[in-house]
Amino acid sequence: MQKTALASLALLTLSASAILAPAEADACGGTFCDQGPTSMPVDQTGENILFHIGADFVEAHIQIQYDPDSGASQFAWVIPVDTATAPEFEVGSQLFFDSVLTGSVPRYGATQAADFCGDVDGGDEAAGGSDSGLTGDQNGDGDGDPGGPEVIFQDTVGAFEIAVLDGGTVEGVMQWLGDNGYQQDPAAEPILASYLEREFMFVALKLANKPGVDELHPIVIRYTGTEPCVPITLTRIAAQEDMDIRAFFLGQARTVPVNYKHVLVNPLKLDWFNFASNYKEVISMAVDAQQADGNAFVTEYAGPSNVIQTATFLNPAWDSDPITALGTSPIGIYEVLQDQGLMACDPEWDTECVYGNPLLGPLVSQYIPVPDGLTAPQFYSCLSCYEAMIDLTAWDVAAFASDFDERVVKPAVNAAALVEANPYLTRMYTTISPSEMNDDPIFRENANLPDVSANQQATQTLHCDGSTTMALPDGRQVFFPANADLVWPDFGDEMPWEEDIDEANMADDAPLINLVDNTARIDELLEVHNKQNGQDDADGDAGLDEDGGCACSVDGRNTAGGLLFGFMSLGLFGLVRRRR
């Protein structure tokens with residue numbers, strides 16, 4: 001069977017799935033969240049994968065996510081990859097993921113305004129990646145079992161032991177996993193068989209030497225292919241209901257799903273008074289709508305990649321040469337790392353030092369362990385004061401410098417080069433349940449689609465009679481009568497969760513084709529709601545008067561400028577309501 005060009009990758013967290021976890025693991029899962037604006041309660045936990053599509057390869061950055069409440073000290077993944085040659089691996093940057101998440105997170109809010117009522121003034125109030133550093137031994141051998149897979153790669157990359165398995169039978173793959181510390185789940189057998197039939201390889205990945213949670217880091221996988229795919233069919237044996245999947249794409253243009261639907265969310269379903277606090281519920285209901293059938297994505301952001309601030313994860317001063325110059329004693333390492341902005345220790349106030357990279361602390365502890373009776377700030381800030389207590393058997397200047405390069409410097413340098421070489425970032429999101437994980441989503445670029453803003457601001461206007469209008473970014477206006485509680489309305493069961501559902505399997509760079517278009521129905525139900533609340537009888541209706549008046553209003557029916565893409569998520573309503 002000929003290998004296809006399609007490259008695919010699955011991020012498989014370990015919880016219920018025994019095949020994904022070694023025997024000693026208790027539970028694993030994804031709970032990392034970026035430090036986005038505190039006023040924006042969009043939950044960013046779940047599975048986060050960033051892809052770059054090259055001329056003949058796909059590069060995938062996989063965020064390693066861990067549940068600190070699980071108590072697990074070790075876990076593992078099995079990742080199906082459709083490629084004709086063994087993938088290459090390198091350490092990724094958690095700080096890079098933090099910057100990607102923070103820069104593209106959807107933000108919802110509302111500014112406040114008041115009409116001029118004659119005696120007071122109204123106004124707005126503040127309401128490509130380099131292949132350097134890739135590692136791998138391409139000379140692994142099989143285990144001699146005729147049904148077993150061939151191990152074509154086996155090495156340690158950062159904190160992880162990685163093996164690439166090629167071929168074999170289901171029984172042989174299961175046997176290999178069992179022999180190498182991965183528990184086996186019979187539920188995985190038919191799924192593995194499907195991937196083996198399509199000649200996928202399997203990347204088996206687990207923590208090496210039981211490092212601590214603070215040593216976890218993303219993994220970068222590069223493999224031949226031109227279309228990234230997330231093989232979630234294997235994920236379903238470990239997944240929970242409405243599992244979050246967020247995929248990022250760095251490239252030259254916007255990326256869209258190929259075989260999944262595109263959904264434009266109905267913005268009236270979001271709670272605009274509370275910064276879209278019901279965000280996940282709205283997304284889940286929209287992608288589960290009829291004809292989306294749980295196999296759909298929304299777009300949270302699509303636009304310039306310069307929202308990723310490279311200065312947050314790379315400092316040009318980072319350099320291992322001054323470390324190497326230290327020689328047989330670590331005295332001076334604190335000053336070197338302090339000069340590079342990577343380490344700060346205050347023995348008067350702190351019991352722990354502060355590090356500019358999450359992987360540096362574990363390295364310092366490994367090579368320069370703190371003696372009993374001292375705190376880390378006391379010891380590291382004055383190593384010469386405690387020279388006799390330094391464990392020189394743990395210090396290895398060459399190994400420290402090498403690990404510093406591999407885990408701190410190169411991941412940041414490579415990530416920054418990737419951002420600089422690829423001017424466009426797409427952020428896509430869905431929730432999906434095990435029963436819906438029957439097809440692996442595939443993605444590709446579409447150069448003819450517009451940007452999607454992540455920043456969505458409504459305008460809340462207080463009218464002279466005490467009534468209020470909330471004008472959404474798409475131009476729709478929701479009316480609240482005088483003295484009404486400002487609670488976002490439910491609008492009833494007839495109000496759809498989705499505005500548009502767009503067809504899958506469209507031609508390259510083709511415009512989107514509606515399967516469902518609920519715009520007229522949404523407008524009709526909104527008009528009924530506003531009339532029932534007395535909009536026509538209130539002075540506040542001047543806020544909707546396109547001919548003028550005292551109100552601050554938003555013109556939401558401006559469709560000039562053409563197509564505004566419609567499978568957007570909660571960031572996709574833009575400054576014009578319709579993209580057609």
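Trainee: How many disulfides does a search of the whole structure find?
Mentor: Three. Keep in mind that this is a predicted model.

Trainee: Remind me, what is a disulfide?
Mentor: A covalent bond between the sulfur atoms of two cysteines.

Trainee: Okay. Which cysteine does Cys117 pair with?
Mentor: Cys464. The S to S distance is 2.0 Å.

Trainee: Is that disulfide left-handed or right-handed, and why?
Mentor: The torsion about the S-S bond of Cys117 and Cys464 is about -100°, so the disulfide is left-handed.

Trainee: Are its cysteines buried or partly exposed?
Mentor: Cys117 is partly exposed, at 36% relative accessible area. Cys464 is partly exposed too, at 40%.

Trainee: Next one. What does Cys345 bond to?
Mentor: Cys353, with the sulfur atoms 2.0 Å apart. The torsion about this S-S bond is 115°, and the link of Cys345 and Cys353 is right-handed.

Trainee: Why does Cys353 count as buried?
Mentor: Its relative accessibility is 10%, and buried means under 20%. Cys345 is buried as well, with a relative accessible area of 10%.

Trainee: And Cys382, what is its partner?
Mentor: Cys385, with an S to S distance of 1.7 Å. The link of Cys382 and Cys385 is right-handed, with 50° about the S-S bond. Cys382 counts as partly exposed at 22% relative accessibility.

Trainee: What's the pairing if I number the bonded cysteines in sequence order?
Mentor: For the protein chain, 1-6, 2-3, 4-5.

Trainee: Different topic. Is Cys229 buried or exposed?
Mentor: Buried. The relative accessible area of Cys229 is 3%.

Notes. Residues are numbered from 1 along each chain as its sequence is written. This is a predicted model: local features need pLDDT of at least 70, side-chain atom pairs count only at pLDDT 80 or more; totals for chains, interfaces and linings use all residues. Side-chain values use heavy atoms; hydrogens and water are left out. A disulfide is a pair of cysteine sulfur atoms within 2.5 Å. Buried means under 20% relative accessible area, exposed over 50%, partly exposed in between (1.4 Å probe, protein chains only).
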